[in-house]
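Welcome! Take a look at the protein shown here, and then we will walk through some of its features together.

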Amino acid sequence: MRTDSMASSPSPESGTTVRPFRSQDEPGVRELINADRLPGQPCCVSETSAEAWYGPVAPAGWARQARPRIGVLANAEDRPRGTIAYLSWADVRTGLICWVHAYEDRPALRALIGHALSALSRCPRIEAFVSTAPGPLGPGGLPRTRRGATHDALVHAGFTGRCLGCYLHRTLPAEPAPAKQVADVFPCDFPPGHRLIVREEAEPVAEAVVSTGPDRTATLYWIETTPARRRRGLGRKLLGQALALLAEQGAAEVALVLDDARPATCECQAATRLFRSCGFTLVDELWTYQHRRVEPLRPGT
């Protein structure tokens with residue numbers, strides 16, 4: 001975690017300041033992150049935060065992975081009441097706000113976002129809450145309804161948001177009913193979990209990828225049926241086997257992100273019906289944001 005090159009900046013409220021993260025802040029920062037945790041999302045604990053706070057992997061062609069700078073909004077007693085993580089890459093003039101948490105306190109959120117925008121002032125484009133897999137640091141976007149104050153603070157700062165998809169959740173029975181075995185199961189390394197593949201005449205026709213995590217949580221990363229095999233109940237059977245596998249491995253709840261942000265499409269409607277009929281409920285929409293600065297015209301242009 002970077003703490004260099006980040007001067008403290010005063011917030012609009014007296015007695016508070018945004019300053020660099022210190023090692024003694026970790027329990028308070030984890031508490032802030034966990035306060036915004038969604039159902040099915042594992043807790044951020046010291047073991048996971050040490051790895052996760054290194055930030056996202058840079059896309060192909062960009063500079064090597066950058067570490068985020070973490071700012072802490074401290075109160076008069078120098079205890080964290082808000083936190084923000086942001087970064088930029090040397091060869092790409094794009095900034096990224098990885099997270100911001102402040103118990104949905106509007107003045108604190110505005111102070112933190114303003115601090116990040118100032119630190120990323122050389123970046124004409126800044127993104128926030130870019131889609132990632134659900135994990136201890138977030139569900140893969142900003143939960144638009146549950147974190148309405150954060151949404152409003154981003155919009156107030158000049159960000160434009162759009163819906164990425166939906167976060168769904170369901171609990172798993174302690175003793176799952178036997179599911180029909182329609183798929184072969186293989187371990188996979190990324191994500192660390194299992195891949196379930198249904199074959200007909202040696203050809204793959206359906207696939208699912210699942211993984212168990214801390215706190216008896218699990219994630220359904222992927223489920224897909226080839227177009228020619230849809231509307232035959234194959235997806236339901238595959239999903240049933242995947243959920244039974246997760247329950248057998250000790251998971252008590254499972255989450256997924258339906259990442260098609262176009263609810264009117266037939267594929268999205270069919271997926272929504274499948275998940276809801278299998279016990280999943282909508283927790284929230286997940287949003288991502290972008291901020292663009294208008295650069296001044298150069299002489300002669």
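## A charge over a ring

A charge sits over a ring if NZ of Lys or CZ of Arg is within 6 Å of the ring centre and within 35 degrees of the ring normal. You can find this here: the charged end of Arg144 lies over the ring of Trp287, at 5.5 Å from its centre.

## How the model is read

This is a predicted model, in which local features need pLDDT of at least 70 and side-chain atom pairs count only at pLDDT 80 or more, while totals for chains, interfaces and linings use all residues. Residues are numbered from 1 along each chain as its sequence is written, and side-chain values use heavy atoms, with hydrogens and water left out.

The predictor's confidence in each residue is its pLDDT, on a scale from 0 to 100. For the protein the average is 85, and 83% of the residues score at least 70. Helices (H or I, at least four residues) and strands (E, at least two) are DSSP runs, numbered from the N terminus. Confidence is lowest in strand β1 (residues 9-10), with a mean of 52, and highest in helix α4 (residues 148-156), at 98.

## Aromatic rings

Rings of Phe, Tyr and Trp (its six-membered ring) pair if their centres lie within 6.5 Å; planes under 30 degrees apart are stacked, over 60 edge-to-face, and the rest tilted. The whole structure holds 3 aromatic pairs. One of them joins Phe129 and Tyr289 edge-to-face, with 6.5 Å centre to centre and 70 degrees between the planes. Phe129 lies in the loop between β6 and β7 and Tyr289 in strand β14, so this pair ties together parts that are 160 residues apart in sequence.

Trp287 and Tyr289 form a tilted pair, 6.3 Å centre to centre with 35 degrees between the planes.

## Strands side by side

Two strands pair if DSSP finds at least two bridges between them. Strands β10 (residues 193-200) and β11 (residues 203-212) run antiparallel, joined by 7 bridges. Arg199 has Pro204 in β11 as its bridge partner. The hairpin of β10 and β11 has 2 residues between the strands, and Glu201 in the turn has a positive phi of about 55 degrees.

Strand β11 is also joined to β12 (residues 217-225) by 7 bridges, again antiparallel. Ala208 stands opposite Ile223 in β12.
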